[in-house]
Amino acid sequence: MLIAEATVDTDRAGRYLVQLCQHVDAVAQRNPQMQARVEWSGERGLIDFGGARCVLRAEPGVLWLRAEAEEEDSLHQIEQRVAERLEQVGRRDRLTVRWAPPRGAEQPPRQPPPAHEHGGGHAHD
């Protein structure tokens, strides 16, 4: 699972969380092929597109976002969709979403440890 996180500084975190979730839910209602599931309260939200999802949490002074996906393309797509819409609804407050680089991607294979060199401290009979 790939994970990217962002924090958005705002005194209206709960308001923007609700606006974003309501928008995605309305679009999903009009376009069932989108296959989005959206849940929210005033402090928490979930936007799930099946192959990628975004968890939202409103805290004092900050809206916290966590995007999750199995594939890098799906992660990038949900990051972009969430950021564009959130920045649009928050343009008056100049909201900016900056995602941290994804983590959880498969790491390159580790190199084997160096061969243990046997020093000259062995006694020979």
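**Sheet and helix packing in a predicted model**

Me: What makes the five strands an open sheet, and in which order do they lie?

Reply: The order is E1-E5-E4-E3-E2, with antiparallel pairing. Strands (E, at least two residues) and helices (H or I, at least four) are DSSP runs, numbered from the N terminus. The edges are strand E1 (2–9) and strand E2 (37–40), each of which pairs on one side only. This is a predicted model, in which local features need pLDDT of at least 70 and side-chain atom pairs count only at pLDDT 80 or more, whereas totals for chains, interfaces and linings use all residues. Residues are numbered from 1 along each chain as its sequence is written, and side-chain values use heavy atoms, with hydrogens and water left out.

Me: Why do E1 and strand E5 (residues 62–69) count as paired?

Reply: Two strands pair if DSSP finds at least two bridges between them.

Me: Why are helix H1 (residues 13–30) and helix H2 (residues 72–89) called oblique?

Reply: Their packing angle is about 120°, with the axes 10 Å apart. Axes are lines fitted to C-alpha atoms, for helices over the stretch in contact, and angles run from 0 to 180 degrees between N-to-C directions. Under 35 degrees is roughly parallel, over 145 roughly antiparallel, 65 to 115 roughly perpendicular, and the rest oblique. The pair is therefore oblique.

Me: Which residues of H1 and H2 meet?

Reply: Tyr-16, Gln-19, Leu-20 and His-23 in H1 meet Val-82, Arg-85, Leu-86 and Val-89 in H2, contact meaning heavy atoms within 4.5 Å.
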